[in-house]
Amino acid sequence: MGQTSSFFVIPGKFDPAGLSDALRGLTPVFEAPEAARPFDLLDCHDQSLRAEGRLLIASGGTLRLLQGQGDVAVQRCKGKGTFVQDMPDGPFRSALAGFPKLRALMSIGSGTVETANFAVLDDLQKTQVRGSVLSLTANDGQVALVTVHPMRGYDRAYQSVCSTFESMADRTGGIEAVFHSLYSDATPYNAKPEVKLGMQEPSIEVAADIIRTFLVVARRNEAGIIADIDTEFLHDYRVSLRRVRSVLSLFKGVFSPEQTDALKREFSDLMAPTGRVRDLDVYLLEKDIYFNLIPANLHQGVEAMFAQFAKERTRALAGLSRRFRSAAYDQKMNDLFALFADTKGLEPGPKADRGAYDYACALIWKRYRKVCKLARGITPDTPDEVVHDLRIDCKKLRYLMEFFAPLFDKSDFKKLIKPLKKLQDNLGLFNDYSVQQEALFEFVATQSNTQGQANAQLAMSIGGLIAVLDQRQKAERDRVIANFQHFDSADIQHLFRTLFHHKED
């Protein structure tokens, strides 16, 4: 069986003379390198490719995807600001099939690149190995990406060349060495960073740590919202602030009632201007789904609706972007950072000094019992409002468990989170169908004339959509009931009781 190509990451400036000295009985011959040209490393904001040990380089209208064994795909096309599903069909798009569909490729680092091909010759000047070197240079340093290609019948020479490059290569982690060499201070974005907690850490310090952490997450999304790279920036921004608000509402007694109320208002004011843009994002993302729900002869009215949504989103995002760029907003966020930098400016409540572990057990156990009590009463005839309440309580339980996860066994938590997440997925869809119906009713109302009459085509299209969404909502309610049975199994009940019910609180 023939050898496969090998790939090496060599920190610093590549030294051809050093390679010549290291190889015995073989001579590397390098072609003149191509002129240096700009490059961008592309990934999505949460750096999914980096996490998988893959590297995507864009330069001169060409995309080059690298992973463990070197080149995976090279293609002529633009990638910056592009969604993978919008790329032309071919091996490159196939190689990125698992890339998050709602995330756009964006530049996470830049610099200049030189490319040089080489051959390794024996004493008879016969080529035994071929390869290439991509030399990347950025502000923090340099790194060389070397790919070595074997040639049939010269396995010994190939092994010798690979051994030499192996001795020169970074040994700490392949592709990750590229980031360490070129962008030493660049930390990967994480929408849900784990906050390190101590078992006896006072609960007010726990709360401050969590809030400070998610304020950082929120701020890291602002530039992407303004640039309108993809809709997930606003989603992550809202979720991070929602987590902050959940701390304020769930950590009862940690802060004084007066400070708790004041902080809730502040974070509510931060969230409020983002709501309409997010609603419009969701509608526009589901455009194709809407069209697939109704017959083609009803598409005209829906097309008109989405055209209006797109125009409204453009206006709403422009207003939100002005807010994010304003001095007042920046000062507000800086003030909140300063407040939660430590606990000196916080007003402690009666539970402020309670140890993190005991407090976590009490909070989680209480919220779990509330979820079970509410869910066990859900029937096909239960009012929608009660199902919505269950969704909110499940979300609060999930937040609490994620906040305090570092204090508990990971495998136990995974067993609990999996059925809870499944139940949340059903509840989320139930809520989406409900909200979408309300939004469609409202849209038709705004399009009606003074006599309350809507355009006939529009009314028929929206009416058809509402009917389908109503049926889907009813089906999802049945799934909520079924999946709660899994979450309420004897094994899950026992595990919750074992982990969290140590005493009556």
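Of the 505 residues of the protein chain, 47% count as buried, where buried means under 20% relative accessible area, exposed over 50%, and partly exposed in between (1.4 Å probe, protein chains only). This is a predicted model, in which local features need pLDDT of at least 70 and side-chain atom pairs count only at pLDDT 80 or more, while totals for chains, interfaces and linings use all residues. Residues are numbered from 1 along each chain as its sequence is written, and side-chain values use heavy atoms, with hydrogens and water left out.

**Overall build**

- The protein chain has 18 helices and 9 strands; these are DSSP runs numbered from the N terminus, with helices (H or I) of at least four residues and strands (E) of at least two.
- Taken along the principal axes, the C-alpha atoms of the protein chain fill a box of roughly 90 × 65 × 50 Å.
- Among contacts (heavy atoms within 4.5 Å) in the protein chain between residues at least 6 apart in sequence, 73% join residues at least 24 apart.

**Nonpolar cores**

- The largest nonpolar core has 80 residues, and those with the most contacts inside it include Phe251, Phe267, Phe340 and Phe496; such a core is a set of buried Ala, Val, Leu, Ile, Met, Phe, Trp, Tyr and Cys residues joined through side-chain atoms within 4.5 Å.
- Leaving aside residues up to four places away in sequence, Phe496 touches Ile364, Trp365, Tyr368, Leu397, Met401, Leu416, Phe487 and His501.

**Two residues with positive phi**

- Gln47, in the loop between β3 (37-43) and α2 (48-51), has a positive phi of about 55° although it is not a glycine, and Gln47 is buried, with a relative accessible area of 10%.
- Gln125, found in the loop between β7 (106-121) and β8 (127-138), has a positive phi of about 65°, although it is not a glycine either; at 56% relative accessibility, Gln125 counts as exposed.

**Surface and charge**

- The accessible surface of the protein chain comes to about 25,000 Å², of which 51% belongs to carbon and sulfur atoms; accessible areas come from the Shrake-Rupley method with a 1.4 Å probe, and for residues only the protein chains shown count as cover.
- The mean positions of the 64 positive and 64 negative charges of the protein chain are 2 Å apart, with Lys and Arg counted as positive, Asp and Glu as negative, and His and the chain ends not counted; the place of a charge is taken as NZ of Lys, CZ of Arg, CG of Asp or CD of Glu.
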